[in-house]
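Me: I'd like to learn how to read a structure like this one, feature by feature. Can you take me through it?

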Amino acid sequence: MTKMVSGVRDTGSGGSYDHFLPPSFSDGLHTRYTKSGDDYVQEFHRLLRKWRYETLTSSSSTSMISRPEFKRIVALGEKVVPLIIDEIRTTPDHVMAALVLITDTNPVPERAQGNLTEMANAWIAWYECET
Amino acid sequence: MSAKHSALDAIRERFPNLSDKAKITSPETSKYNCIAYAAGDLERWWWPDTLHMDYWPAGCPRTEAIAAFQVAFETLGYQPCANADFDLSVEKIAIFHKNNVPTHAAKQIANRVWSSKLGQSFDISHEINCLSGADEHTYGEIALFMCRLRS
């Protein structure tokens with residue numbers, strides 16, 4: 001990674017523990033859901049919330065990417081790449097693995113492996129070069 | 001969840017064996033995971049993932065096997081040991097597994113007190129068996145204890 005991009009920050013819980021709750025109780029997407037051309041955006045965010053809830057206390061990235069919610073995110077394809085990039089600007093986590101699987105590339109240098117902030121910066125730099 | 005629902009209550013819902021002695025000892029962060037924490041690295045996520053996203057010590061088998069985790073900690077000077085007994089002269093870690101697949105690592109910080117990073121969540125202090133269990137979010141059973149001379 002050669003380009004540092006601002007915007008990536010570590011995020012704590014801020015004193016709220018809603019992320020420990022099953023998303024079906026903490027988001028409103030299960031009510032008044034209307035089909036539209038942007039369905040995939042809502043679907044992406046619903047899957048992401050569920051996936052983050054399920055994997056919150058897991059250390060295994062292999063287990064994380066084996067979750068059905070993660071596989072469905074990957075199956076949404078290239079159209080969710082900008083959504084993932086937006087997510088990792090503020091919450092750099094293993095949703096970045098979906099970028100590897102969707103784009104079949106990995107711009108993260110070996111020295112940055114495991115450093116989620118540096119990994120997110122590499123992906124953001126890659127995205128800004130591609131668009 | 002009520003406003004009075006504490007972080008520890010939320011953690012206890014996932015780890016029902018957690019005793020009243022357990023304490024949260026860090027802010028919540030996804031910077032590092034339990035393996036990194038046990039290894040003393042608070043900047044990286046350690047896992048032998050096949051996508052090569054995470055850090056794994058050079059030369060160690062990049063497989064999800066107890067033996068691979070043992071080799072990873074051997075690079076830090078740890079050797080297998082018999083039990084969780086406290087010995088002031090050594091640092092101890094425990095590697096957990098489910099169905100022979102590693103799930104977690106904890107490190108001993110005092111007599112009968114261990115410390116763990118819970119995935120992307122908090123560090124906690126706890127008794128050694130409090131995170132064990134077969135439920136979805138628990139970490140299975142202890143596969144291996146390792147120790148190294150305290151520097």
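Reply: A salt bridge is a side-chain nitrogen of Lys or Arg within 4 Å of a carboxyl oxygen of Asp or Glu. In chain B, the side chains of B:Asp9 and B:Arg12 form one, with N to O at 3.8 Å. Before we go on, some ground rules: this is a predicted model, where local features need pLDDT of at least 70 and side-chain atom pairs count only at pLDDT 80 or more, while totals for chains, interfaces and linings use all residues. Residues are numbered from 1 along each chain as its sequence is written, chains are lettered from A and ligands numbered from 1 in the order in which they are written, and side-chain values use heavy atoms, with hydrogens and water left out.

Me: Where do B:Asp9 and B:Arg12 lie in chain B?

Reply: Helices are DSSP runs of H or I with at least four residues, strands are runs of E with at least two, and both are numbered from the N terminus. B:Asp9 and B:Arg12 both sit in helix α1 (residues 7-14) of chain B, three residues apart, about one turn of the helix.

Me: Is B:Asp9 buried or partly exposed?

Reply: Buried means under 20% relative accessible area, exposed means over 50%, and partly exposed is in between (1.4 Å probe, protein chains only). B:Asp9 has 31% relative accessibility, so it counts as partly exposed. B:Arg12 is partly exposed too, at 22%.

Me: Which parts of chain B does the pair B:Arg148 and B:Glu91 tie together?

Reply: Those two side chains meet in a salt bridge at 2.9 Å, N to O. B:Arg148 is in strand β7 (residues 141-149) and B:Glu91 in strand β3 (residues 90-98) of chain B, so the pair ties together parts 57 residues apart in sequence. There's also a network: salt bridges that share partners join A:Lys50, A:Glu54, A:Arg67, A:Glu69 and B:Glu136. Over all chains, the search finds 16 salt bridges.

Me: How many helices and strands does chain A have?

Reply: Chain A has seven helices and zero strands. Of its 131 residues, 49% count as buried.

Me: Which residues of α6(A) are buried?

Reply: Helix α6 (residues 96-103) of chain A is mostly covered, with six of its eight residues buried. They are A:Met96, A:Ala97, A:Ala98, A:Leu99, A:Val100 and A:Ile102. These pack against α3 (61-66), α4 (68-76), α5 (81-90) and α7 (116-130) of chain A, where contact means heavy atoms within 4.5 Å. Just after α6(A), A:Asp104 takes a positive phi of about 55 degrees.

Me: What about pockets: which residues lie nearest the centre of the second largest pocket?

Reply: On a 1 Å grid over the protein atoms alone, a pocket is an open set of points with protein on both sides within 12 Å along at least five of seven lines, and lining residues have an atom within 4 Å of a point. The second largest pocket is lined by 17 residues, and A:Ser58, A:Ser63, B:Lys98, B:Thr103 and B:Glu136 lie nearest its centre. The largest share of its lining, three residues, comes from β4(B).

Technical notes
On a 1 Å grid over the protein atoms alone, a cavity is a set of points where a 1.4 Å probe fits but cannot get out, and a pocket is an open set with protein on both sides within 12 Å along at least five of seven lines; lining residues have an atom within 4 Å of a point.
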